[in-house]
Amino acid sequence: MVDDQNEHRRSDLCVPDNSLTELGDCVYSDESDEFFLNIKNDLNQVDRLVSDAVNNLVINFKFISQLTKSHHEMVMAIEKLAVPDQSEPILELLRRQMMIADKIEHELEEAITSLQFGDLVTQLLAHTSNQLDVFIRVLQRIDGHNKSLPAEEKCLMDVGQGISKAMRIARSRTKEKPVVQQAMHNGEIELF
Amino acid sequence: MTKTILAVDDSASIRQMVSFTLKGAGYEVIEAVDGQDALDKARQRAFNLVLTDINMPRMDGLMLLESLRKISQYQAVPILMLTTESTDEMKAKGRLAGATGWLVKPFNPGSLVEVIKKVIK
């Protein structure tokens, strides 16, 4: 019974050759080529924007860090000058300045951890782009095979199956996702 | 004498952050853009520690690790892996190839310096 139903569904999907021609008669065409190319361009654009922003931020934070160190040294120099006078209000202000400098340093360390999101994003985008490449290549190969079939053997179901097959192969041939992190927490450290 | 560290990563921003952190802690840092670049640099001069990413073009970090361990000069040099990879399988591969430790990205600058102080000779 189930086999009958499947056969029925299959015959529904097996459309006459002229309908397939309307669909483009293939699983891969110039249109799909352009579509996939646009997706790849979008991924590259995201990568460029993120990388550019991260590189600029790293330079900004590096500069802030250098300024903080100079500021730190200046506060210590002023402290030395103020000590002979034992001016309590000045010493108190300098203590507060040192506390602020320490806090800025701590925040900078945290920023360096967070800034590594750029690298994670780049790796994830490369992984997705690679999956897409494999998918496109398999589609092209299946398409080449379909084109060599006689017209009466061409069927809409084969197109769907071709796409599913390409997805399956793309999944199996792509390396495992290189990034599993879901948030920007400090990573584990293990010494062997 | 200042200790020299070879920092290997294909990401320019990660190299900058590692370099900035370690120079701030008093180390000399030489950067390499991938495993092949690192191997070429390691053959030219001696390093006290190698800190390397895994996923890189041309030569990945695991291959670099294996290649370095074959060079007598690098048999006892600490080699730390700094990577987004965190599966037990990958860590086992690293351990087998002779890695000294495994650091998962993102790294905290303070913790990175602490670990390096612990393993560097």
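The sections below cover the ground rules, the sheet, the spaces and a few single residues.

## Ground rules

This is a predicted model, in which local features need pLDDT of at least 70 and side-chain atom pairs count only at pLDDT 80 or more, while totals for chains, interfaces and linings use all residues. Residues are numbered from 1 along each chain as its sequence is written, chains are lettered from A and ligands numbered from 1 in the order in which they are written, and side-chain values use heavy atoms, with hydrogens and water left out.

## A sheet built from both chains

Let us begin with the sheet. It is open and has six strands, in the order β1(A)-β5(B)-β4(B)-β3(B)-β1(B)-β2(B), with mixed pairing. Helices (H or I, at least four residues) and strands (E, at least two) are DSSP runs, numbered from the N terminus, and two strands pair if DSSP finds at least two bridges between them. In general, strands pair through backbone hydrogen bonds, either parallel or antiparallel. At the edges are β1 (189-191) of chain A and β2 (28-32) of chain B, each pairing on one side only. Neighbouring strands are turned by 15° against each other on average, with direction ignored; axes are lines fitted to C-alpha atoms, for helices over the stretch in contact, and angles run from 0 to 180 degrees between N-to-C directions.

Contact here means heavy atoms within 4.5 Å.

Which strand of chain B pairs with β1(A)? The partner is β5(B), and the two run in the antiparallel sense over three bridges. Glu190(A) has Trp102(B) as its bridge partner.

Buried means under 20% relative accessible area, exposed over 50%, and partly exposed in between (1.4 Å probe, protein chains only).

## Pockets and a cavity

On a 1 Å grid over the protein atoms alone, a cavity is a set of points where a 1.4 Å probe fits but cannot get out, and a pocket is an open set with protein on both sides within 12 Å along at least five of seven lines; lining residues have an atom within 4 Å of a point. Grid points are joined across faces, edges and corners, and a volume is the space filled by probe spheres set on the points.

The largest pocket has a volume of about 940 Å³. Of its 34 lining residues, Gln123(A), Lys175(A), Pro178(A), Asn55(B) and Glu85(B) lie nearest the centre. Helix α5(A) gives the most to this lining, with nine residues. The second largest pocket holds about 350 Å³, and Lys69(A), Glu105(A), Glu109(A), Thr21(B) and Gly24(B) lie nearest its centre among 15 lining residues.

There are also three cavities of 30 Å³ or more. The second largest cavity has about 60 Å³ of space, and its lining includes Asp9(B), Ile14(B), Leu82(B) and Lys105(B). Helix α1(B) gives the most to that lining, with three residues.

## Residues worth a look

Asp119(A) sits in helix α5 of chain A. Is Asp119(A) buried or exposed? Asp119(A) is buried, with a relative accessible area of 4%. Leaving aside neighbours within four places in sequence, Asp119(A) is in contact with Asp9(B), Ser11(B), Ile14(B), Thr84(B) and Lys105(B).

A cis peptide bond joins Lys105(B) and Pro106(B), with omega about 0°, and Pro106(B) is in the loop between β5 and α5 of chain B. Arg58(B), in the loop between β3 and α3 of chain B, has a phi near 65°, a positive value in a residue other than glycine. Arg58(B) is exposed, with a relative accessible area of 63%.
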